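Subject: Structure for your review

Dear colleague,

Please find the structure below, together with its sequence. My findings follow it, and I would be grateful if you would read them with the structure open.

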Amino acid sequence: MRLSMDLELQDIPGQLLLALQPLKENKANIISVVHHRDHKTPRGMIPVRFVVEMDQSKIEQVKTKLRESGILVVRAGEDRFIEAVSVVLVGHVLDSDLGDTVSRIDSTGFAEVMDLALTMPGVNEPSSAYLKIRATGKNEIQKALTILREVGREKKLLVIEPIEAEAV
Amino acid sequence: MRDVKVSLVGFGVVGHGVVDVLSRKKKLLRDMGLNLKLVSVTDHTGTVLAEDGVDAEKILGERTLANVATSGMKGKEAISAIDSDLMIEVTPTNIVHGQPGLGHMEAALSGGKHVVTSNKGPLVVSYGKLKKLAEDNGVMLKFEATVGGTMPLISLVERTLVGNTINGIRGIFNGTCNYILTRMAEEGIPYTHALSEAQDLGIAEADPSYDVEGVDTAGKVVILANSLFGMDVKYSDVDVTGITGVTPEALALAKKRGYAIKLIGDVPALTVRPTLVPLDSPIAVSGTLNSAAIYTDLSGTITVTGLGAGSIETASAILTDIISIYRTKLIDAIF
């Protein structure tokens, strides 16, 4: 399971190592560490984001251990949405219940609409919408696009999908 | 010196280009060892016959052959009666029944003549049969000009990339659609305005549906699928959406996020639809240009771009096909 963790460290030597210790003990495989020493929080702490592959059941143990070491755990949890895709819809996007269109994606549990921009040139003219959808993986992106294609057929919307980078 | 008697069937925009190019390149071809003699030109009004080669200057000024024809022979009759080694078929395309080009090609191939064409219709309708007819008669059927005009695609895959497995080809195969989408994106003008501009410039036909509804692109997708991917598909197997529904607002929203909207044909997915293409992608070309990305297993992605239409440009692809027929034994065969 891929998890991400936002921590805040004190600005004294050895803190990063201290934060890594419980991850090591719980066999977490580190995917990335973002550590900005010059981007301090108002309290003077240093924010660090870890992305790790680890057994989700160990997360509480890790959090407790971190807190015991004086490290602030801001957020820790599943990093679910790792893929994103852009789509443009053209037609009566709003009149055909845009809320429903969005919730068809959001209700899947594996994908959600994270960005939406709408242009409506005139009352009876087709409007255009840009949607950014994120999902838990590449397959889920494809599933979300399939749903959107169905919605498009149903609501007579032109669904403009991105060209894939590689042929499958 | 290899003497080759060529007959041309079809004297429209491309036919004129062929007569012009064959005449312009006569010396270059002779230096190459190829003496191409255009022994006949046929259109729907009749035929100009000339054993020593048709005088290009004499006929290029004519819109049809009505005033210069030396014989009333037309179509299949002319093809069977005229002694030639190779037929160039450039009559108007029909994607539904392929005629009259299909009948012309069948007559030529059965008569042992090589066929070089820019006419998509017969290939879309009957590629497998034509290919077999060519093989049975020991002649070649070449059609580089049917897809992407002068942009090298079929020969690039068949020759240069031979040995690679081609996983897919995606691209812009219709210059009219690309021009309209480019103008809409650049100026924020509606579809109808960009279309009328294209019509005034001669880029779009008076009845533009063949281009803008994606029919032309789908025909090219069928040709690529059958000829390069060994598929056996028809026009109706392609899922087609044209560009008439694309709005300038959609183009603007896409552009803001780093995308262009292009009409993309996809093989072997067999789709033609408006698609978001990253602005920095090499296939996101503008204006009337065509482009294609070829996804291969060994060479990665190869991208080509070029002029997809035009009289001389299409004739250039035809000329390349003709030369390749006579060069085949020298450079391409495995002995």
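In chain B, helix H12 is followed by B:Gly258, which has a positive phi near 90°. Please bear in mind that this is a predicted model.

Helix H12 of chain B spans residues 248–256, and its buried residues are B:Pro248, B:Glu249, B:Ala250, B:Leu251, B:Leu253 and B:Ala254. Against which elements do these buried residues of H12(B) pack? On the side of chain A, the partners are S5, S6 and S7. Within chain B, they are helix H8 (175–187), strand S9 (259–267) and S10.

This brings us to the interface between the two chains. Chain A contributes 21 residues to the contact, and chain B contributes 24 residues. Between them, the chains bury about 1,800 Å², of which 68% lies on carbon and sulfur atoms.

How many salt bridges link chain A and chain B? The count is one. It joins A:Asp115 to B:Arg257, with the closest N and O atoms 3.4 Å apart. The cut-off for such a pair is 4 Å, so the distance of 3.4 Å between A:Asp115 and B:Arg257 qualifies.

Four strands of chain A each supply at least two residues of the side that touches chain B: S5 (83–91), S6 (111–119), S7 (127–135) and S8 (158–162). Sorted by class, this side of chain A comprises 14 nonpolar, three polar and four charged residues.

Strand S8 of chain A also pairs with strand S10 of chain B (residues 271–278); the pairing is parallel and runs over two bridges. In S10(B), B:Leu276 is the residue that stands opposite A:Pro162.

Finally, I would draw your attention to a residue of chain B, B:Leu60, which is located in helix H3 (residues 56–60). Is B:Leu60 buried, partly exposed or exposed? Its relative accessibility is 29%, and therefore B:Leu60 counts as partly exposed. Leaving aside residues up to four places away in sequence, B:Leu60 touches B:His16, B:Val19 and B:Asp20. With regard to B:His16, 44 residues separate it from B:Leu60 in sequence, while the C-alpha to C-alpha distance between the two is 6.3 Å.

Yours sincerely,
A colleague

Note on methods:
Residues numbered from 1 in each chain as written. Chains lettered and ligands numbered in written order. Predicted model: local features only at pLDDT ≥ 70, side-chain atom pairs only at ≥ 80, totals over all residues. Heavy atoms only, no water. Contact = heavy atoms within 4.5 Å. Buried area = accessible area lost by both parts, 1.4 Å probe. Salt bridge = Lys/Arg side-chain N within 4 Å of Asp/Glu carboxyl O. Nonpolar A, V, L, I, M, F, W, Y, C, P; charged D, E, K, R; others polar. Pairing = 2+ DSSP bridges. Buried < 20%, exposed > 50% of the residue type's maximum accessible area, 1.4 Å probe, protein only.
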